[in-house]
Every structure is written in C-alpha cells, then in structure tokens.
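Hi,

Here is the structure I promised to pass on.

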Amino acid sequence: MNIIFGEAVNTIPDNYTTLELDTVRIEGTDTKTTFYCLVENIPLEEFPLLENNKENHAMLMENYKNQNWDYCAKLIPFLLGKFSGELDSFYNTLSQRIEKLKNESLADNWDGSVEASARGIK
C-alpha cells in the first residue's frame with residue numbers, strides 16, 4: 001500500500017482504489033493533512049465486492065468522525081481482510097483508538113483528526 005498526502009490524491013486516476021485514512025494535525029498548529037492509501041493488490045475474487053467494500057470503508061470513516069463508536073466497532077471486523085488485508089493494521093489501530101476515545105470527553109468541534117508531533121502521532 002502506498003500513502004498519499006493531502007490534495008495529491010486528486011492526481012490519482014479514478015480506476016485506482018484510494019481510501020481515506022487519517023487526518024493529522026501538527027501539534028501546536030491548525031495545519032491538517034489528510035492521508036490516503038492507494039490499495040495495490042486487490043484479489044480477482046474481491047472485485048465483485050470492491051465498490052461495497054469501498055463504501056463500507058467510507059462509512060467507517062464518516063461514523064468515526066461522528067463518534068458513532070458502536071457502528072465502527074461492528075464494521076471494523078467486517079472490513080478486516082478486505083483489500084488483501086493491506087488495511088488490517090490501520091483497522092486494528094483505529095479499533096484501539098476508538099476504545100480509548102470512548103472514555104474521553106471530546107470537544108464539540110472534534111473532527112476525528114489525530115495530533116502529531118516530532119515524535120509521532122499521539
């Protein structure tokens with residue numbers, strides 16, 4: 001899987017599968033960048049379900065941003081293994097993050113972005 005930063009995703013032809021991952025905000029700034037992945041190896045047998053899998057991924061990201069944790073918790077196991085498993089580490093990380101976020105008081109303007117510093121993502 002290749003990672004694409006920000007608006008560069010708009011240069012990728014439509015016949016490639018690109019999926020939103022995280023939006024990262026640099027610590028101490030309002031600067032945000034959305035990261036996407038370019039899925040490289042989709043098995044032939046997965047092609048009939050590709051559009052459905054892409055829609056499910058988009059719904060996961062939308063519900064994550066809307067703090068609909070239960071929906072996300074139900075959808076993540078379904079998405080594991082899809083896209084040749086290329087996103088499984090992302091889905092596992094997101095699941096762990098959701099478990100932590102469930103117990104936090106988030107600001108009203110929380111948009112799903114994660115904070116990054118010189119030491120990495122928090």
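Below is what turned up, starting with how to read it.

This is a predicted model, where local features need pLDDT of at least 70, side-chain atom pairs count only at pLDDT 80 or more, and totals for chains, interfaces and linings use all residues. Residues are numbered from 1 along each chain as its sequence is written, and side-chain values use heavy atoms, with hydrogens and water left out.

First, the core. The largest nonpolar one (buried Ala, Val, Leu, Ile, Met, Phe, Trp, Tyr and Cys residues joined through side-chain atoms within 4.5 Å; buried is under 20% relative accessible area with a 1.4 Å probe, protein chains only) has 25 residues. Strands E2 (17-26), E3 (32-39) and E4 (114-117) and helices H1 (50-65), H2 and H3 each give it two or more; these are DSSP runs numbered from the N terminus, helices being H or I with at least four residues and strands E with at least two. Leu87 is among the residues with the most contacts inside this core. Leaving out residues up to four places away in sequence, Leu87 touches Met1, Leu19, Leu21, Cys37, Val39 and His57 (contact means heavy atoms within 4.5 Å).

Next, Lys82, in the loop between H2 (69-79) and H3 (88-101). Lys82 is buried but has no salt bridge (a side-chain nitrogen of Lys or Arg within 4 Å of a carboxyl oxygen of Asp or Glu). The nearest side chain of opposite charge is Glu46, 6.9 Å away (Lys and Arg count as positive, Asp and Glu as negative; His and the chain ends are not counted).

Finally, Thr34 sits in E3 and counts as buried because its relative accessibility is 19%.

Cheers

Definitions and conventions:
Buried < 20%, exposed > 50% of the residue type's maximum accessible area, 1.4 Å probe, protein only.
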